[in-house]
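Here is a brief report on side-chain contacts and backbone angles. The structure comes first, then the reading of it.

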Amino acid sequence: NQSGGVITGFDGILTSGGATVVNAGSIGGTTAVSFGSGAANRLVVDSGAVFSGIVDGGNTIGAASISTLELASNASAGTLSSLGSNVIDFARISIESGAYWALSGSSTLSSGVTLTDSGTLGVAGTLTVAGSLAVNGTLLNHGLIVGDVPLGAGGYLSNAFYRTITGSGSATVLGAAGAANTVANAGLIQG
């Protein structure tokens, strides 16, 4: 769906078997996107994309087949809200190098979900990490992060003034062995 394009219906897009959907426009319905189960599915989202309704990757977390949500790089920043409640059943989430995406509202990385940040991820609401978060790019916390934040080689973490990162143990922010990482903390980081 190209920029400016509109797809609407009871189900905006309904697929069966393995499918790839690219959205730079608007997709809406009770279920905006519903992928079939039992095959690898991929949803590529450009920064100007809008979804009205549930976005379902099709494969439950932990299934043999996985669905991937790819947050693409564009000239402008993108926003994704309610990851884990309105955007569901994507076991692999990736932020492309050069991309800037913000999570707003309440988002959850459930157990079995991996988010790999190779660009810039801004947290404007609450991000609860029960799955896996890999920061190979930049993580800007302007909200609340509940869970550990592992930094890959060259990873950068900025925790804004009066903002909080609460980890699950004694090492809330984890740096890659032998790699240079940067942590700029004006808020609270606690284990």
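## Contacts and backbone in a predicted model

Arg 42 is partly exposed, with a relative accessible area of 34%. This is a predicted model. The side chain of Arg 42 forms a salt bridge with that of Glu 70, at 3.0 Å from N to O. The count of salt bridges comes to one. Arg 42 sits in strand 5 (residues 41–45) and Glu 70 in strand 7 (residues 67–71), so the bridge ties together parts that are 28 residues apart in sequence. Glu 70 counts as buried, because its relative accessibility of 14% falls under the 20% limit. In general, side chains of opposite charge can pair when their charged atoms come close.

Next, the nonpolar core. The largest one holds 37 residues. Leu 69, Leu 83, Ile 93, Leu 109, Leu 139 and Val 149 touch the most other members. Strand 4 (residues 26–34) gives the most to this core, with three residues. Ile 93 has contacts beyond four places away in sequence: Leu 69, Leu 71, Leu 83, Leu 109, Val 113, Thr 114, Leu 115 and Thr 116. In soluble globular proteins, nonpolar side chains tend to be buried together.

Now the aromatic rings. The count of aromatic pairs comes to two. One of them joins Phe 35 and Phe 90, with ring centres 6.3 Å apart. The planes stand at 90 degrees, so this pair is edge-to-face. Phe 35 lies in the loop between strand 4 and strand 5. Phe 90 lies in the loop between strand 9 (87–88) and strand 10 (92–95). The pair therefore ties together parts that are 55 residues apart in sequence. Phe 35 is buried at 4% relative accessibility, and Phe 90 is buried at 3%.

| Residue | Relative accessible area | Class |
|---|---|---|
| Arg 42 | 34% | partly exposed |
| Glu 70 | 14% | buried |
| Phe 35 | 4% | buried |
| Phe 90 | 3% | buried |
| Tyr 162 | 67% | exposed |

Last, the backbone. Most residues other than glycine have a negative phi. Which way does the phi of Asp 89 go, positive or negative? Asp 89 has a positive phi, near 60 degrees. Asp 89 lies in the loop between strand 9 and strand 10. Tyr 162 also has a positive phi, near 65 degrees. The place of Tyr 162 is the loop between strand 20 (156–159) and strand 21 (164–166). Tyr 162 is exposed, because its relative accessible area of 67% is over the 50% limit.

Technical notes
Residues are numbered from 1 along each chain as its sequence is written. This is a predicted model: local features need pLDDT of at least 70, side-chain atom pairs count only at pLDDT 80 or more; totals for chains, interfaces and linings use all residues. Side-chain values use heavy atoms; hydrogens and water are left out. A salt bridge is a side-chain nitrogen of Lys or Arg within 4 Å of a carboxyl oxygen of Asp or Glu. Helices (H or I, at least four residues) and strands (E, at least two) are DSSP runs, numbered from the N terminus. Buried means under 20% relative accessible area, exposed over 50%, partly exposed in between (1.4 Å probe, protein chains only). A nonpolar core is a set of buried Ala, Val, Leu, Ile, Met, Phe, Trp, Tyr and Cys residues joined through side-chain atoms within 4.5 Å. Contact means heavy atoms within 4.5 Å. Rings of Phe, Tyr and Trp (its six-membered ring) pair if their centres lie within 6.5 Å; planes under 30 degrees apart count as stacked, over 60 as edge-to-face and the rest as tilted.
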